[in-house]
Each structure stands twice: as C-alpha cells, then as structure tokens.
Amino acid sequence: MRVFNFSAGPAVLPLEVLEQARAEMTDWNGSGMSVMEVSHRSKAFVAAAQTAEADLRELLAVPSNYKVLFVQGGATGQFSAVPMNLATGDSTVDYVNTGQWSKKAIAEAKRFSNVNVAADAAEGNYTGIPAESTWERSPHAAYLHYTPNETIGGVEFPFIPGGSAPLVADMSSTLLSRPLDVSRFGLIYAGAQKNIGPSGITVVIVREDLIGNARPGTPTVFDYKAMADDGSMLNTPPTFGWYVAGLVFKWLKAKGGLEAMARANRAKAELLYNYIDGSGYYRNPVARGCRSWMNVPFTVPNPELEKKFCEEARASGLTHLEGHRSVGGMRASLYNAMPIAGVEALVGFMREFARRNG
Ligand SMILES: Cc1ncc(COP(=O)(O)O)c(C=O)c1O
C-alpha cells in the first residue's frame with residue numbers, strides 16, 4: 001500500500017514517475033538494459049540527459065547566459081564548491097543565517113573565506129527573517145549567500161534580496177515549487193531529493209561570467225568551469241538520478257509547470273496552516289509572513305504526545321511526520337508530489353488526534 005509520505009527528504013516522488021521507471025526498469029529505450037546499465041557516453045543517455053536539462057531550463061525559464069550543471073556531492077558539497085569557485089583570493093563573502101542549513105553553509109565557507117554574517121536570525125530562535133534594511137553587508141562581498149527555504153525551521157523568504165553582489169541561493173527545498181526569476185541570481189543550487197528526484201544528484205544553475213575563476217587546489221569535480229565544459233560528464237554522473245529527474249521534469253510540464261505547482265502548493269500550505277492556527281491545540285512558531293510552503297513544523301501542547309502522534313499517524317498511512325532530530329516536534333513536508341488528498345488526510349487525522357488527546 002502506498003502511504004502519504006511527509007518526509008523532508010529523500011521525499012515523495014510522483015507515482016506516475018515511479019511507475020514509468022518501473023515499466024522501463026529492465027528495458028530502457030529499447031536498449032534491452034536498465035538505464036543504470038547504459039554508458040553515460042552512449043547517444044541515448046546523452047540525449048536523455050540533454051532533454052532533462054532542456055526541460056529544466058524551460059520550466060524555470062533559465063536565461064541562456066546560465067549554465068545548468070548536474071553534479072554530485074549534494075547541497076553540502078555546494079557549501080564548499082561555492083566559495084571555492086566564487087570567492088577567490090582573500091575576498092569577503094556575505095551570508096544570511098536563517099537556520100540550520102545556513103549555519104552549515106557558513107561553517108563550510110569559513111574554511112575557505114572571510115565570512116561576514118550580514119544578518120542572523122538566531123536571536124529570534126530562527127522563527128523569522130531579519131528585515132533586509134538591517135542587514136550589515138560588506139561593501140565588496142564576492143557574493144551574498146542565503147537559504148530561501150530552511151527545511152528544518154520551516155522559514156521561507158517572501159522576497160529575493162537586492163544589492164549588487166551576486167546572489168547565491170541554496171534552493172534545495174524550494175526549487176520548482178513555484179516560478180522563479182533566475183536572472184536575479186548569480187548561482188542557485190539544490191540537492192535533488194525533494195522536488196527534483198532521488199538523492200545523489202545536485203542541480204547547479206550558474207551565471208556564465210561567474211565561472212572560470214576557481215581557487216587553486218579546487219578539485220576538478222567541484223570546478224564549475226570544468227564541469228560546464230564537459231556537459232556535467234567530466235566523470236561518470238549519477239545516471240539513474242539524472243534519468244529520474246528528467247521524468248520528474250516531464251511530469252511537471254504535463255501538470256502545467258510551475259504556475260500550476262505554485263497554486264497547488266499554496267492551497268496545500270494554507271489548508272494545513274489554517275487548521276493549525278485555528279485548532280487551539282497545534283502550534284507553528286514561524287512568523288506568518290515567512291512560513292514555508294514546503295516544510296511545516298508544528299507542536300502538540302504536551303511533548304510527551306509527539307511519539308504517540310507519529311505512531312498513530314503512521315498506522316493511518318501518514319508517515320515521516322517526526323520533526324528534525326535537532327529540534328523535535330513534528331514536521332510535514334508538502335513537496336510537489338504530495339497531493340492535496342494527503343494534506344486533507346493529515347488534517348483529518350490531526351483533528352481526530354486533538355479530540356482524543358485534548
Ligand atoms: C536547505 C538544505 N540545504 C542543504 C541540505 C543538505 O543536502 P545534501 O544532503 O544533499 O547535502 C538540505 C538537506 O535536506 C537542505 O534541506
């Protein structure tokens with residue numbers, strides 16, 4: 001039986017995509033083999049990889065002066081790759097700290113560069129975003145890095161920061177959830193395992209003028225220019241992940257693209273937040289203006305009930321509602337592939353649980 005999987009990642013994938021992958025598992029594209037057994041240099045795979053890139057470009061309307069890379073190392077690899085490629089010499093880099101993923105990106109950047117934390121939401125316990133007017137940016141930062149959606153805290157930026165420094169965004173848990181003006185960014189990266197596909201592949205979208213200046217010592221697989229020059233096939237790419245991502249992009253296009261995703265995602269998030277706010281039982285701590293559409297943390301009045309909540313939810317076919325191990329509580333992730341029926345089932349369960357345990 002298929003459950004409603006609310007995991008933050010690896011996360012639910014569209015059923016149609018899984019079924020297509022299953023149908024093609026032992027004979028992909030008339031090859032008599034699975035896609036995993038085909039050379040990444042074969043004509044058929046290169047064509048599939050290029051189609052995936054073209055579909056992603058179309059979905060996000062990526063301008064032609066941007067490279068789209070499919071790399072390995074996860075978003076965590078990008079925490080290092082970004083400063084290695086974009087912060088040469090002794091340049092300073094600006095970071096906005098809005099939660100656990102920002103913090104990790106900052107820690108990694110400090111290994112390579114002078115990091116200026118331009119704004120820090122730690123004082124507010126990461127439940128909001130400091131007003132942009134209060135940010136203390138360095139005059140000549142090589143870039144400004146931020147995390148548009150903090151997957152653990154459930155805090156999402158309702159705006160794109162301004163300024164003259166190239167903007168770098170860790171979009172792991174928000175890319176493809178709604179339309180995006182890519183031209184506002186110098187670089188966008190995302191681990192695949194939320195809205196893109198299986199873990200193991202990472203998408204990087206980078207403006208051409210920012211590549212080609214990697215600091216000496218940068219491993220070649222983390223050098224954007226080297227990767228771009230070889231069409232992300234400098235070495236063996238994660239072929240299965242790339243293939244599934246391609247299926248997901250086709251699925252997104254068939255569903256009406258990112259405008260349609262935005263409508264559905266807004267509806268799902270509103271349904272859950274409205275219920276939580278009106279319940280008098282559950283609570284979401286995030287300031288209303290920056291609540292995430294993708295990741296909704298919530299608590300019950302008595303933390304001792306958390307385990308019971310998650311166990312009973314699982315028995316009702318609603319899985320992975322445990323909050324991140326670092327913060328506890330509960331969290332429901334509502335990525336593109338989560339149908340509204342899943343959120344309706346969750347709200348129904350929450351209502352019933354509150355009635356029985358009030
Ligand atoms: C916003 C964000 N950044 C970075 C990561 C780390 O990604 P990875 O495990 O692909 O390195 C995650 C993982 O959940 C995330 O949600």
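Trainee: How do the residues of the lining of the largest cavity divide into nonpolar, polar and charged?

Mentor: Sort each lining residue into one class, then count. In this predicted model, the lining of the largest cavity has 8 nonpolar residues, 2 polar ones and 1 charged one.

Trainee: Which residues line the largest cavity?

Mentor: To be listed, a residue needs an atom within 4 Å of a cavity point. The lining is made up of Val12, Leu13, Pro14, Lys194, Asn195, Ile196, Val248, Trp251, Tyr335, Asn336 and Ala337.

Trainee: How much space lies in the largest cavity?

Mentor: About 50 Å³. With a threshold of 30 Å³ or more, the structure holds 1 cavity.

Trainee: What volume has the largest pocket?

Mentor: A pocket is an open set of points, whereas a probe in a cavity cannot get out. Here the largest pocket has a volume of about 390 Å³. It is lined by 21 residues, and those closest to its centre are Asn125, Ile152, Gly153, Pro285 and Val327. Helix H4 (100–109), strand E11 (295–298) and strand E13 (330–333) are the elements that each give two or more residues to this lining. By class, the lining of the largest pocket has 8 nonpolar, 11 polar and 2 charged residues.

Trainee: Asn125 is on that list. Where is Asn125 found, and what is its phi?

Mentor: Look up the element first, then the backbone angle. Asn125 is in the loop between strand E4 (114–120) and strand E5 (144–146). Its phi is near 55°, a positive value in a residue that is not glycine.

Trainee: Which residues are around the ligand?

Mentor: The shell consists of Gly74, Ala75, Thr76, Phe79, Trp101, Asn149, Thr151, Asp170, Ser172, Gln193 and Lys194. Helix H3 (residues 74–86) gives the most to this shell, with 4 residues. The classes come to 3 nonpolar, 6 polar and 2 charged residues. Lys194 is in this shell and also in the lining of the largest cavity.

Trainee: How many Å separate the ligand from N or O atoms in the side chains of Trp101, Thr151 and Asp170?

Mentor: For polar contacts, look for N or O pairs within 3.5 Å. A ligand oxygen is 3.4 Å from an N or O atom in the Trp101 side chain. For the side chain of Thr151, a ligand oxygen is 2.4 Å from an N or O atom. With Asp170, a nitrogen atom of the ligand is 2.6 Å from a side-chain N or O atom. As for cover, the ligand taken alone exposes 390 Å², and the protein buries 84% of that.

Trainee: Is the peptide bond from Gly9 to Pro10 cis or trans?

Mentor: Read omega. From Gly9 to Pro10 the bond is cis, with omega near -10°. Pro10 lies in the loop between strand E1 (4–5) and helix H1 (15–23).

Trainee: What does the secondary structure of the protein chain come to?

Mentor: It comes to 9 helices and 13 strands. The radius of gyration is 21 Å, close to the 21 Å that the globule rule gives for 358 residues, so the chain is as compact as a globular protein of that length. Along its principal axes, the C-alpha trace spans about 60 × 55 × 30 Å.

Terms used
Residues are numbered from 1 along each chain as its sequence is written. This is a predicted model: local features need pLDDT of at least 70, side-chain atom pairs count only at pLDDT 80 or more; totals for chains, interfaces and linings use all residues. Side-chain values use heavy atoms; hydrogens and water are left out. A residue is near a molecule or strand if one of its heavy atoms lies within 4 Å of it. A polar contact is a pair of N or O atoms within 3.5 Å; within protein, one must be able to donate a hydrogen and the other to accept it, and residues adjacent in sequence count only if both atoms are side-chain atoms. Accessible areas come from the Shrake-Rupley method with a 1.4 Å probe; for residues, only the protein chains shown count as cover. Ala, Val, Leu, Ile, Met, Phe, Trp, Tyr, Cys and Pro count as nonpolar, Asp, Glu, Lys and Arg as charged, and the others, Gly among them, as polar. On a 1 Å grid over the protein atoms alone, a cavity is a set of points where a 1.4 Å probe fits but cannot get out, and a pocket is an open set with protein on both sides within 12 Å along at least five of seven lines; lining residues have an atom within 4 Å of a point. Grid points are joined across faces, edges and corners, and a volume is the space filled by probe spheres set on the points. The radius of gyration is taken over C-alpha atoms; the globule rule is 2.2 Å times the number of residues to the power 0.38.
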